[in-house]
Amino acid sequence: MSKLEHVLGISGGKDSAALAIYLKDKYPSFNFTYYFTDTGKELDETYQLIDNLESYLGIEVNRLTDEKIESTNEDPFDFHFKSFRGYLPSPQARWCTALMKLKPFEKFVGDKPTVSYVGIRGDEQREGYISRASNIQSIFPFRKNIWSQDVLKQIFNPENQEQLLTYYSQYFRGVKLDKIETVFSKPISFNRNYRLEADRIIKEKLDALLEFGVIEFNKSIFQYLKTTEYPLSIEDDYPLLENEDNLVRADIFKILEDSGVGIPAYYNKVKYEVDGQVGEYARSRSGCYFCFFQQKIEWIWLYEQHPEKFKEAMKYENEKELFTWIPNESLKELIHPDRVREIKLNHLKRSNKHKSTDSKLLLDKLIDAEDGACTACFI
Ligand code: SF4
């Protein structure tokens, strides 16, 4: 019986929904708690997905609410938007994520030692949200490396090298152990000025150690964590140490389809026509319908497929004050027929180019466009 809380945030996107299904099926003894932080600005398909998921899981997804906001009868986004006096959120000023996703989550968890499961896939490069609260630890079950970057930094800190090698010596001896020692010994600087270089070396070391064995890697880290204050340190054992899975985009769609939960309808590609040519567009992720992370072609999709939502998004802009969702372009300008044509032609050109390279990864990046975006909203 686990001494920890195990929580999973459902964003309304495909990956977190698939993670909930995957974990329930693979680790039925765990008592997972699910939560959803509603901005009030999601597409209906998101709410539909959560309903479907609840039927499959047989348990309610906690809708995190704020009594102060509820008493105003406003959507959380509108409530905060007012207090920011019309200042729209942006990648540089992401007050929306901080106030509507992270803060309610940390309040919900409180001070209980908690593992938070994050659905970043094995074919993604982005890092997940890591809580600053010391009682919350993030785990990434879809990746071969289930650990967060902050744990890796400790593992590869030269000061901890000897300790890690002692743990490793329970599983490997002789030449193999010597090779593992070589991996740990490669110099690494944790000076802030060399952050990118440090991340590159950490990734190199990580790949090398995973090659020697995922389970041995996990078990060594688990032993190390027991000497720390990380939530997992209070556990006697942790079943995910034996998990060697690496799930990619196609696996996620399969989990959703096989379970009957289904894929959110906004992922379905819709045909469009421009200058006699036919292209396909869709929305690439969950989150607010006006999210500033979306690509221009997704704005056009919103305009043509959900015109009422597009109109709502327009209402938040204040061109005089230069408060627009897209830098230097208002939504009114974006839907000028010449501009729509231009965006579609550009999109078509990029899609055809990626099709011809036959690179699954590139195509995934184009369709998903998740890299660099907010992991609290789009998983
Ligand atoms: S989906 Fe986009 S707009 Fe909505 S909270 Fe997340 S980052 Fe902000």
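Analyst: Domain bounds here come from an automatic or database domain assignment. On that basis the chain is divided into domain 1 (5-148 + 239-259), domain 2 (149-238) and domain 3 (265-368). Please note that this is a predicted model, in which local features need pLDDT of at least 70 and side-chain atom pairs count only at pLDDT 80 or more, while totals for chains, interfaces and linings use all residues. Residues are numbered from 1 along each chain as its sequence is written.

User: How do you know that domain 1 touches domain 3, and how many residues are in contact?

Analyst: Two residues are in contact if their C-beta atoms, placed from the backbone, lie within 7 Å. By that rule, 20 residues of domain 1 are in contact with 18 residues of domain 3. The C-alpha centres of these two domains lie 25 Å apart. On the domain 1 side, α2 and α4 (76-83) each supply at least two residues.

User: Why is α1 called roughly parallel to α2?

Analyst: Helices are DSSP runs of H or I with at least four residues, and strands are runs of E with at least two, numbered from the N terminus. The axes of α1 (residues 14-26) and α2 (residues 44-57) come within 11 Å and cross at roughly 0 degrees. Angles under 35 degrees count as roughly parallel, over 145 as roughly antiparallel, 65 to 115 as roughly perpendicular and the rest as oblique. The α1 and α2 pair is therefore roughly parallel. Ala17, Ala20, Ile21 and Lys24 in α1 meet Leu49, Leu53, Tyr56 and Leu57 in α2.

User: What makes His6 partly exposed?

Analyst: A residue is buried if 20 or more other C-beta atoms lie within 10 Å of its own, exposed if 12 or fewer, and partly exposed in between. His6 has 17 other C-beta atoms within 10 Å, so it is partly exposed. His6 lies in strand β1 (residues 5-9). His6 and Val115 are 109 residues apart in sequence and 5.0 Å apart in space, C-alpha to C-alpha.

User: Which residues touch the most other members of the largest nonpolar core?

Analyst: A nonpolar core is a set of buried Ala, Val, Leu, Ile, Met, Phe, Trp, Tyr and Cys residues joined through C-beta atoms within 7 Å. The largest one has 42 residues, and Ile10, Ala17, Ala18, Leu19, Ala20 and Leu53 touch the most other members. Helix α1 gives the most to this core, with 5 residues. Both domain 1 and domain 2 contribute at least three residues each. Beyond its neighbours within four places in sequence, Leu53 is in contact with Ile10, Ala17, Ala20, Val61 and Val261.

Conventions
Axes are lines fitted to C-alpha atoms, for helices over the stretch in contact, and angles run from 0 to 180 degrees between N-to-C directions.
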